[in-house]
Amino acid sequence: MELYAEDAVWEAVGECTTGHAGRAVGHAEVRDHFARFWNEQSDQVLALSAHYVTSEQIFVQDDEAEGLWIHLEPLLFSDGTALLRSSRMSNAFRLEDGDWR
């Protein structure tokens, strides 16, 4: 969690985010969200998940920045089915004590 600011927000929106959509604010909520999403049951069902990001754009102004990416995520499940997801990612960053978070 050291990569994230104390007030970090993780949010997934859109119709393709069923099952892991929602909003988590702060270290504890973000950690709990991923602990629920990635657990022993999901490890048995999900054989492969990779995240590829491309078309990076980062806009910096003073001690704040916005990063934009296109995200591609191939998923392979233990039953042999597969899914390809894509999305646009938008991340806000802030310079804190010499580190970008």
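Visitor: Glu73 has no salt bridge; which side chain of opposite charge is the nearest?
Guide: This is a predicted model, in which local features need pLDDT of at least 70 and side-chain atom pairs count only at pLDDT 80 or more, while totals for chains, interfaces and linings use all residues. Residues are numbered from 1 along each chain as its sequence is written, and side-chain values use heavy atoms, leaving out hydrogens and water. Glu73 is buried (under 20% relative accessible area, with exposed over 50% and partly exposed in between, for a 1.4 Å probe and protein chains only). A salt bridge needs a side-chain nitrogen of Lys or Arg within 4 Å of a carboxyl oxygen of Asp or Glu; Lys and Arg count as positive, Asp and Glu as negative, and His and the chain ends are not counted, and the nearest side chain of opposite charge, 4.5 Å away, is Arg85.

Visitor: How are the rings of Trp69 and Phe93 arranged?
Guide: Rings of Phe, Tyr and Trp (its six-membered ring) pair if their centres lie within 6.5 Å; planes under 30 degrees apart count as stacked, over 60 as edge-to-face and the rest as tilted. One aromatic pair is counted by this rule. The centres of the Trp69 and Phe93 rings are 6.4 Å apart and the planes stand at 75 degrees, so the pair is edge-to-face.

Visitor: Is Trp69 buried or exposed?
Guide: Phe93, the partner ring, is partly exposed at 26% relative accessible area. Trp69 has a relative accessible area of 11%, so Trp69 is buried.
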